[in-house]
Amino acid sequence: VDRVFGIPGNHNLPIYHALRRKDVNLCHVTARHEQGVGFMAEGFARATGRVGVALVITGPGLTNVLTPMASALHDSIPMLVISAQVPDPWLQRPARGYLHYLNNSTAVAASASKASFRIEDTSEISRMLTEAYQLALSGRPGPVHVEIAP
């Protein structure tokens, strides 16, 4: 992967900080809306035959990227959609509210993807992203969602 389409936001800033390491050589393309991020990643995949990567926040960021994910799923376009999540303690008490909280976000993303995974241990990020990337290309290509917990 050498290109990522995304929008930096409160919940995915740690991911963006990791992408700024000196050993990471990526071109980041910023959009003004997550749906645009998804369609940019999908268009990149259509034009190049490579996996298009989208990086969004949880909640509205993830729901906004569902339309391009569904389009990619139906047209067999390989995409990797990476989203952040709110801190775990807030997932157990949704009635108290948290900015951009989305209940069962992996289930929501699964409806428009080949698979949706949640990574809770940072030591698993590299392995899980590699598996998700390979899944996006294997068999009938399509979008795969990975949620990275803080």
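Buried here means under 20% relative accessible area, and by that criterion buried residues make up 41% of the 150 residues in the protein. The model shown in every view is a predicted one.

View 1. The protein contains seven helices and six strands, and a reading along the sequence gives the pattern β-α-β-α-β-α-α-β-α-α-β-α-β.

**View 2. The largest pocket and the residues that line it.** This pocket has a volume of about 750 Å³, and of the 24 residues in its lining, those closest to the centre are Ile15, Leu19, Ile82, Ile125 and Leu129. At least two lining residues are supplied by each of α1 (13-19), β3 (52-56), β4 (79-84) and α7 (125-137), with α7 giving the largest share, five residues. Sorted by residue class, the lining of the largest pocket comprises 19 nonpolar residues, four polar residues and one charged residue.

**View 3. The largest nonpolar core.** Twenty residues form this core, and among them Val37, Val65, Met69, Met79 and Val81 touch the most other members. The elements α2 (34-48), β3, α4 (66-75) and β4 each contribute at least two residues to the core, and the largest share, four residues, comes from α2.

**View 4. Strands β5 and β6 with the helix α7.** Strand β5 (residues 115-119) and strand β6 (residues 143-148) run parallel and are joined by five bridges, and within this pairing serine 116 stands opposite histidine 145 in β6. Together with α7, the two strands make a right-handed β-α-β unit; the helix of this unit, α7, is also the element that provides the largest share of the lining of the largest pocket.

**View 5. Serine 76 in the loop between α4 and β4.** Is serine 76 buried, partly exposed or exposed? Because its relative accessibility is 24%, serine 76 counts as partly exposed, the cut-off for a buried residue being under 20% and that for an exposed residue over 50%.

Note on methods: Residues are numbered from 1 along each chain as its sequence is written. This is a predicted model: local features need pLDDT of at least 70, side-chain atom pairs count only at pLDDT 80 or more; totals for chains, interfaces and linings use all residues. Side-chain values use heavy atoms; hydrogens and water are left out. On a 1 Å grid over the protein atoms alone, a cavity is a set of points where a 1.4 Å probe fits but cannot get out, and a pocket is an open set with protein on both sides within 12 Å along at least five of seven lines; lining residues have an atom within 4 Å of a point. Grid points are joined across faces, edges and corners, and a volume is the space filled by probe spheres set on the points. Ala, Val, Leu, Ile, Met, Phe, Trp, Tyr, Cys and Pro count as nonpolar, Asp, Glu, Lys and Arg as charged, and the others, Gly among them, as polar. Two strands pair if DSSP finds at least two bridges between them. A crossover is right-handed if, with the strands pointing away from the viewer, the path from the first strand over the helix to the second runs clockwise. A nonpolar core is a set of buried Ala, Val, Leu, Ile, Met, Phe, Trp, Tyr and Cys residues joined through side-chain atoms within 4.5 Å. Buried means under 20% relative accessible area, exposed over 50%, partly exposed in between (1.4 Å probe, protein chains only).
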